[in-house]
Amino acid sequence: MISDKLRDQTIRFANEIKALLNGTITNHVQIKAVTLDKGDDRLFILGNRISKDTMTAERFALRPRAPRTELWMDVSYQLRLDAEREHLMVQQSFFGVFGAKDAKHGLFHYDYERDKADGYPDAHLQVYAHSELFAKLNDPKTDTGRSLAQLHFPVGGKRFRPCLEDVIEFLVAERLVEARDGYEKILEAGREGFRRNQLMAAMRRDPHTVDTFISRQHSSVKA
């Protein structure tokens, strides 16, 4: 049974994502959380206007700086309990930018899938683009017609992957979308929280390194 504390953590995370998006580059995004039983486990699915009927997040409109242009973003998360069943962790996440609400191809997307089974990096970036050089590099025996969009660029792995704040910063810095005044402070606060959580998770998974570091610090002080 999922405790009320963990359910509250999930709802709090959904509210944090909603506040991040609506405080920087969007309007009226509604990040909601629903649960999905999976054997003895339970997943928490987060996304814009998601419901138990569809279990699919809706894309939401951005405000592109270019006139007469549409730009849509897709953000979703799957959370579950860690191996010790004490902490929520991200099982999967998806951040994508598209030119239409129902477009299959867009500008780019960041994927994260913990313990990805197909040989590609858990955390990766795919860009919808064409490269003549890459077309020449394809192995004619196995990869004829493979496009640049099918390349999975590694982006930091399980612990050091980009966060949603990084994607938002990219869209603003490259002058693709309009941002709200003061968005920088919101991004920095959110990014610091993400990095702190990742650091704490890394410490839980590697207590030996933590103990070694503390011992060295003590030795340095005594010296």
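## Meeting the model

Two residues are in contact when they have heavy atoms within 4.5 Å of each other. Keep that idea in mind for the tour below. This is a predicted model, in which local features need pLDDT of at least 70 and side-chain atom pairs count only at pLDDT 80 or more, while totals for chains, interfaces and linings use all residues. Residues are numbered from 1 along each chain as its sequence is written, and side-chain values use heavy atoms, with hydrogens and water left out.

## The overall layout

Let's start with the whole protein. It has six helices and eight strands; these are DSSP runs numbered from the N terminus, with helices (H or I) of at least four residues and strands (E) of at least two. Read from the N terminus, the order is α-β-β-β-β-β-β-β-α-β-α-α-α-α.

How much of the protein is buried? Of its 223 residues, 36% are buried, where buried means under 20% relative accessible area, exposed means over 50%, and partly exposed lies in between (1.4 Å probe, protein chains only). Among contacts with a separation of 6 or more, 50% come from residues 24 or more positions apart.

R59 sits in the loop between β2 (41-48) and β3 (60-61). Is R59 buried or exposed? R59 counts as buried because its relative accessibility is 14%.

Leaving aside neighbours within four places in sequence, R59 is in contact with N48, W72, M73, D74, F98, A100, K101, D102 and A103.

Side chains of opposite charge can pair when their charged atoms come close. A salt bridge is a side-chain nitrogen of Lys or Arg within 4 Å of a carboxyl oxygen of Asp or Glu, and by this rule there are nine salt bridges.

One of them joins K158 and D115, with 3.7 Å from N to O. This pair links distant parts of the chain: K158 belongs to helix α3 (residues 157-160), and D115 to the loop between β6 (106-113) and β7 (123-127), 43 residues apart. K158 is partly exposed, at 29% relative accessibility, whereas D115 is exposed, at 55%.

## A network around R191

Which residues are linked in a network of salt bridges? They are D166, E169, E188 and R191. In the bridge between D166 and R191, the closest N and O atoms are 2.6 Å apart. This pair, too, links distant parts of the chain, with D166 in helix α4 (residues 164-173) and R191 in helix α5 (residues 183-205), 25 residues apart.

R191 also forms a salt bridge with E188, at 3.6 Å from N to O. These two are three residues apart in helix α5, so about one helical turn separates them. What about their surroundings? R191 is buried, at 6% relative accessibility, whereas D166 is partly exposed at 24% and E188 is partly exposed at 36%.
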